[in-house]
Amino acid sequence: MKYLVTGGSGFIGSHLVEQLLKNRHSVINIDNFDDFYDYRIKIRNTLESVGKPFEFSFHNKEHDIQKLIFETSTKHYQIYNQDIRDKAGLEKIFSKHKIDAVIHLAALAGVRPSIEKPLEYEEVNVKGTMNLWELCNEFNIKKIICASSSSIYGNNSKIPFSESDNVDQPISPYAATKKCTEILGHVYHHLYGINMIHLRFFTVYGPRQRPDLAIHKFTKLMSENKEIPFYGDGSTSRDYTYVDDIIDGIQKSIQYLDKNEKVYEIINLGENEVITLEEMLAGIEEHLEIKPRKKILPMQPGDVHKTNADITKARTLIGYHPTTRFQNGIKKFVEWFLRNGS
């Protein structure tokens, strides 16, 4: 099978690419190496995902990305420096390859940044996604997996969060864009018979995690003996989901699309284990063996108080069974951080 993966040099995407290649599939990776964080991190992710040692001398962004493309391109793997907002550029890629399915992970991420740049989030997350669906229709690609988010639930009072819950009250532009793509996805499914699964990810963590996310940020600050921005009283909680379990859920979703027709589904992928901010910090402290220095700050606009996934549907429909408890996952992350000096 040949899969087009958007955001394949990012945190989750690079793990997915790595697994698809191990399973002897072909992969087309589309990533625009956005300045949301250091492009060099994505270069490292890419090299790790295709099994190349991290031996790379950096010069400047344009030169380095072209060098990466040259050094990693093979019969079964191609990478394109491509923005999903550019439909004409995407069309050239779709025209060049016979694509069996699209796994769409690319997005502008982050709740707080989306409040500062809502129009840019709409342009990337909604328009960019629609560009992909338009091309899927044009090139008769009938299988799509899309990354959604637990942020879509907002401050839902019903715990745990179920796919059947009302999600009409998002509290950040990022969450709103994810709901928009779920709704618009149904339009493309209904009009053009595109089989589609939207996966609502719940706070994914693990090796290669983005440096702006709390676990990575806290670990780095603690290792440098710097203060940690600690929002609220520590009682906010998240359903932290280890990246290997997310990749397993994506692969099982692909298998479901391969075996079924007339599919439009929204599925939670979480760990079904809620960890408070205080407990998360304690886990990092235990394995890093450094005591944190907290800078207590008020809750931030757009942040939800709690996430907790009801994964009943994922278990029954696709056979999803997460296996990584938080204490094991956080240990693996800290070990990776110490090895990489990130």
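## Charged partners and helix neighbours

The side chains of Arg 85 and Asp 83 join in a salt bridge, with 2.8 Å from N to O. Keep in mind as you look that this is a predicted model. How exposed are these two partners? Arg 85 has a relative accessible area of 24%, so it counts as partly exposed. Asp 83 is partly exposed too, because its relative accessible area is 22%, and partly exposed means between the 20% limit for buried and the 50% limit for exposed.

Now find Lys 220, which forms a salt bridge with Glu 224; their closest N and O atoms are 2.9 Å apart. Lys 220 is partly exposed, at 35% relative accessibility.

Another pair to look for is Asp 248 and Lys 252, whose side chains meet in a salt bridge of 2.8 Å, N to O. Where do these two residues lie? Both belong to helix α9, which covers residues 243-259. They are four residues apart there, about one turn of the helix. Asp 248 has a relative accessibility of 22% and counts as partly exposed, and Lys 252, at 21%, is also partly exposed.

| Salt bridge | N to O distance |
|---|---|
| Arg 85 and Asp 83 | 2.8 Å |
| Lys 220 and Glu 224 | 2.9 Å |
| Asp 248 and Lys 252 | 2.8 Å |

How many salt bridges are there in total? The count comes to 21 salt bridges. Some of these contacts join up: Glu 18, Lys 22, Glu 48 and Arg 208 are linked in a network of salt bridges.

Next, turn to two helices. Helix α1 spans residues 11-22 and helix α2 spans residues 39-49. Their axes come within 8 Å and cross at roughly 15 degrees. Angles under 35 degrees count as roughly parallel, and α1 and α2 are therefore roughly parallel to each other. Is their crossing left-handed or right-handed? The crossing of α1 and α2 is right-handed.

Finally, let's visit the surface. Which residues form a nonpolar patch there? Val 187, Leu 191 and Tyr 192 do, and together they have about 250 Å² of accessible area. Tyr 192 sits in helix α7, which runs over residues 173-192. With a relative accessible area of 33%, Tyr 192 is partly exposed.

Methods:
Residues numbered from 1 in each chain as written. Predicted model: local features only at pLDDT ≥ 70, side-chain atom pairs only at ≥ 80, totals over all residues. Heavy atoms only, no water. Patch = residues over 30% accessible without salt bridge, like charges linked within 9 Å, V, L, I, M, F, W, Y side chains within 5 Å. Areas by Shrake-Rupley, 256 points an atom, 1.4 Å probe, with all protein chains shown as cover. Salt bridge = Lys/Arg side-chain N within 4 Å of Asp/Glu carboxyl O. Buried < 20%, exposed > 50% of the residue type's maximum accessible area, 1.4 Å probe, protein only. Axes fitted to C-alpha atoms, helices over the stretch in contact; angles between N-to-C directions. Parallel < 35°, antiparallel > 145°, perpendicular 65-115°, else oblique. Left-handed = near helix turned anticlockwise from the far one by under 90°.
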